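I opened a notebook on this structure and wrote down each item as I looked it up. The entries follow.

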Amino acid sequence: MLDLLAKLSKNLILAIPAAMLLGFAAGLLAPSAWMKSLIVPLTFLMVYPMMVSLKLAKVLEGGDGKAQWLAQAINFAIIPFIAYAIGRVFFPEQPYYAIGLLLAALLPTSGMTISWTGFAGGNLGAAVKMTVLGLILGSLATPFYVQWLMGATVPVDLVAVFLQIVFIVFLPMLAGHVTQSRLIAKHGQKAFQSDWAPRFPPFSTLGVLGIVFVAMALKAEQLVARPGELLQLLPPLLALYAINYLLSSIVARSLLPRGDAIALVYGTVMRNLSIALALAMNAFGPAGSDAALVITLAYIIQVQSAAWYVKLTDRLFGKRVG
């Protein structure tokens with residue numbers, strides 16, 4: 001089971017489109033409304049495993065302060081407003097698509113930040129810290145950004161969104177921290193790091209694929225009625241990622257050494273789409289499936305672009321030493 005899940009985790013570029021197609025078919029062939037009851041357990045399955053291996057203590061470590069400040073400035077002072085502007089241009093009459101784009105931009109960093117930084121030979125310590133800081137800051141800021149930027153066009157219950165953030169992020173984070181502490185106490189830090197920590201993240205992939213499947217099943221009949229809808233969503237997503245990569249690469253190359261520069265790019269372009277997807281499905285009622293569809297497509301672009309960017313890192317930032 002773990003081997004299969006690990007293979008799925010490494011092949012999201014194929015697994016997510018497959019889940020989309022299966023969900024689409026299921027939504028056409030059978031009633032899908034009952035699948036809404038799966039969203040809560042799938043959300044926990046998606047988020048909790050990520051939290052077990054999260055190193056919260058990394059936030060207190062120093063040594064890369066400039067990279068951390070630049071990353072959070074890009075993540076919270078620039079990218080959300082770019083996403084909002086793109087949403088206004090492409091979705092003037094479809095506010096829940098715009099919310100999906102905004103949610104993708106508001107929740108930076110994920111396990112992919114650390115993985116791709118490692119593949120490209122960047123500073124892993126800086127990437128881990130960016131992941132923890134981005135997750136905490138993004139979770140706290142998201143309800144206010146959504147209310148501020150979208151509250152005029154979409155009814156946003158600030159308390160409800162914040163409660164969903166608590167349920168989706170902070171409760172699993174607490175449960176994950178307790179699990180991690182108990183495993184370390186029982187087996188030791190070394191055994192936890194080598195034997196236990198790698199077992200949890202693959203289950204998160206199962207939750208992601210389940211949520212993608214449900215999101216597509218719930219949207220299937222609407223997509224059949226409007227077949228060009230998926231194509232309509234690609235240009236704004238491509239624009240958001242292209243601008244993000246360009247901005248982050250220019251800042252990183254201009255101001256940081258190679259290792260920190262690579263961490264900065266992946267710490268600002270990789271979004272926590274799992275949490276964004278869970279929030280879209282849980283906090284905005286039936287119309288949240290529109291937002292979820294945008295985020296589902298973002299997975300495909302994010303994984304593809306991250307792989308391509310690894311091939312450019314030596315050209316942009318110089319070859320790694322040693």
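**Entry 1: V47.** I began with V47, which is buried, with a relative accessible area of 0%. Buried means under 20% relative accessible area, exposed over 50%, and partly exposed in between, with a 1.4 Å probe and protein chains only. I was working with a predicted model, in which local features need pLDDT of at least 70, side-chain atom pairs count only at pLDDT 80 or more, and totals for chains, interfaces and linings use all residues. Residues are numbered from 1 along each chain as its sequence is written, and side-chain values use heavy atoms, with hydrogens and water left out.

I found V47 in helix α3, residues 39-52. Helices here are DSSP runs (H or I, at least four residues), numbered from the N terminus. Which residues does V47 touch, not counting those up to four places away in sequence? I noted I168, P172 and I275; contact means heavy atoms within 4.5 Å. I also looked up V169, which is 122 residues from V47 along the chain, and the C-alpha atoms of the two are separated by 7.1 Å.

**Entry 2: α3 and α13.** The axes of α3 and helix α13 (residues 273-283) are 10 Å apart, at an angle of about 155°. Axes are lines fitted to C-alpha atoms, for helices over the stretch in contact, and angles run from 0 to 180 degrees between N-to-C directions. α3 and α13 are therefore roughly antiparallel to each other, a term for angles over 145 degrees. I recorded their crossing as left-handed, meaning that the near helix is turned anticlockwise from the far one by less than a right angle, while clockwise would be right-handed.

On the α3 side I listed I39, V40, T43, M46, V47, M50 and M51, which meet S274, I275, A278, M281 and N282 of α13. This contact has 9 nonpolar, 3 polar and no charged residues. Ala, Val, Leu, Ile, Met, Phe, Trp, Tyr, Cys and Pro count as nonpolar, Asp, Glu, Lys and Arg as charged, and the others, Gly among them, as polar.

**Entry 3: the cores.** I then looked up the largest nonpolar core, which has 103 residues. Such a core is a set of buried Ala, Val, Leu, Ile, Met, Phe, Trp, Tyr and Cys residues joined through side-chain atoms within 4.5 Å. Which residues have the most contacts inside it? They are L103, L264 and I275. Helix α14 (residues 288-317) gives the most to this core, with 13 residues. Apart from it lies another core, of 6 residues, including Y48, V52, L183 and A197.

For L264 I left aside neighbours within four places in sequence, and its contacts include A67, L70, M130 and V251.

**Entry 4: S289.** In α14 I also checked S289. S289 is buried, with a relative accessible area of 10%. Beyond four places in sequence, S289 touches K219 and M281.

**Entry 5: α8 and α9.** I turned to helix α8 (residues 158-187) and helix α9 (residues 189-196), whose axes come within 7 Å and cross at roughly 115°. The crossing is right-handed. Q180, L183, I184 and H187 of α8 meet Q189, A191, F192 and W196 of α9.

Note on methods: Helix = DSSP H or I, 4+ residues; strand = E, 2+ residues; numbered from the N terminus. Parallel < 35°, antiparallel > 145°, perpendicular 65-115°, else oblique.
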